[in-house]
Amino acid sequence: MACMYGPSYTNKTEKFFKYQSTIYMNLNLTSQIKMPDHKLRRQVIELCQKVGKPLLKLSTKDYVDNGLGQLVKEFDGQAGLVNIEVFNELQHTITGWPGGKPDVDDTYRPERATPYPKRVIVFSPHPDDDVISMGGTIRRLMQQGHDVHIAYETSGNIAVGDEEVTRFMHFINGFNKIFANGSDEVIKYSYQSVKAFLKQKKEGDLDNETVLRLKGLIRRGEARLACGYNGINSDHIHFLDLPFYESGKIEKLPMSENDVLPIQQLIAEVKPHQIYVAADLADPHGTHKKCTDAVLAAIDEEKKAGAEWLKDCRVWMYRGAWAEWDVADIEMCVPMSPEELREKRNAILRHQSQMESAPFMGNDERLFWQRAEDRNRDTAKRYDDLGLACYEAMEAFVEYHIV
């Protein structure tokens, strides 16, 4: 099935991409993502977890008894110096300024102070991954004056239950009766045809194109509501509707250059200082992986084309819908207060079709807002257990280095 409402490429766009020749049929760039080394940090954190102590309480005996005496020797025989080194590393990952704090020394901050404000693109595989995984960070970026764009990579149409379509069709039919006396033949025909299709549809049957369009429209509306709640202007909301997703079933189509070009066009136009991508590769249906492959491929193509803006751009990877980063890997952690966590939940709840009736919740019975809160609170607890500041919740990121 072709992309139902993806971007139509103008002559200008075709000219812009005329140098493209590669067909991206077997992209697997996510396999090249390398987790940061942080070897010392990892060893010491594992020791903390093993002996049940925060960082600054580890003793030389703790290190020696657990086969890590060599670390103490490397720090002049002082366990306290090892502890402080790792404590400071983790402390410097925590920031309330994910876009960088202007007019301050950023030597030990995860993000640069300049330029300020920054142009930011958040790539969201489905129309709710942005708020589920980094809704608190998005609000913080907006509140701090950054120019934030949200790019929804797929329509998410197959993840909408039939009852959601029925609910909206009842509304449309009632709306038509109130304001057009039921005289609109297009609406009357569409209502009846969709109603008839859903009535005869059996479990396992694929939706027809009309129903898929309606389900995609429902998810667009929810995404716009969530963005509006976070203060994002409508002209900064981008629905890319990548073609690989539009198979109408769980198994997706092979990726091609048509999945990469819309992303490349967007990043070339915005020239962002920050790009956020989903690295939640535990997504059981593989959509997150393909979407991230497409973003990384677009970045690679921009680099090959000699894009100067890339030299001043950082790529941050987020998780949250299906898994979370290990604390030893985290390079930026954005804390949230109880009120901020509630605001994040409110944005997630704008995606009503993804609450109890969502078809693809996986084996985890918790709703997505519950998963998000539990993971964010767990990240905060892990920092707290290590002896760092105790927050209500935290969203975590790892930097992807463009090479």
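Strand β1 and strand β4 (residues 274–278) run parallel to each other and are joined over 3 bridges, where two strands are taken to pair if DSSP finds at least two bridges between them. Helices (H or I, at least four residues) and strands (E, at least two) are DSSP runs, numbered from the N terminus. The model is predicted: local features need pLDDT of at least 70, side-chain atom pairs count only at pLDDT 80 or more, and totals for chains, interfaces and linings use all residues. Residues are numbered from 1 along each chain as its sequence is written, and side-chain values use heavy atoms, with hydrogens and water left out.

Of the 6 residues of β1, 5 are buried, and the strand is mostly covered; buried denotes under 20% relative accessible area, exposed over 50%, and partly exposed in between (1.4 Å probe, protein chains only).

Together, β1, α6 and β2 form a right-handed β-α-β unit. A crossover is right-handed if, with the strands pointing away from the viewer, the path from the first strand over the helix to the second runs clockwise.

Helix α6 (residues 129–143) has 15 residues, which at 1.5 Å a residue should span 21 Å; this agrees with the 20 Å between its end C-alpha atoms. The expected span is 1.5 Å times one less than the number of residues. At Gly135, α6 bends by about 85°, the bend being the angle between axes fitted to the seven residues ending there and the seven starting there. Because 13 of its 15 residues are buried, α6 is largely enclosed by the rest of the structure. Just after the helix, Gly145 adopts a positive phi of about 85°.

Asn230 is located in the loop between α9 (209–229) and β3 (237–239). With a relative accessibility of 6%, Asn230 counts as buried. Leaving aside residues up to four places away in sequence, Asn230 touches Val131, Ile138, Arg139, Met142 and Ala347, a contact being heavy atoms within 4.5 Å.

Over the whole chain, the secondary structure comprises 13 helices and 7 strands. Of the 403 residues, 52% count as buried. Among contacts in the chain with a separation of 6 or more, 77% involve residues 24 or more positions apart.
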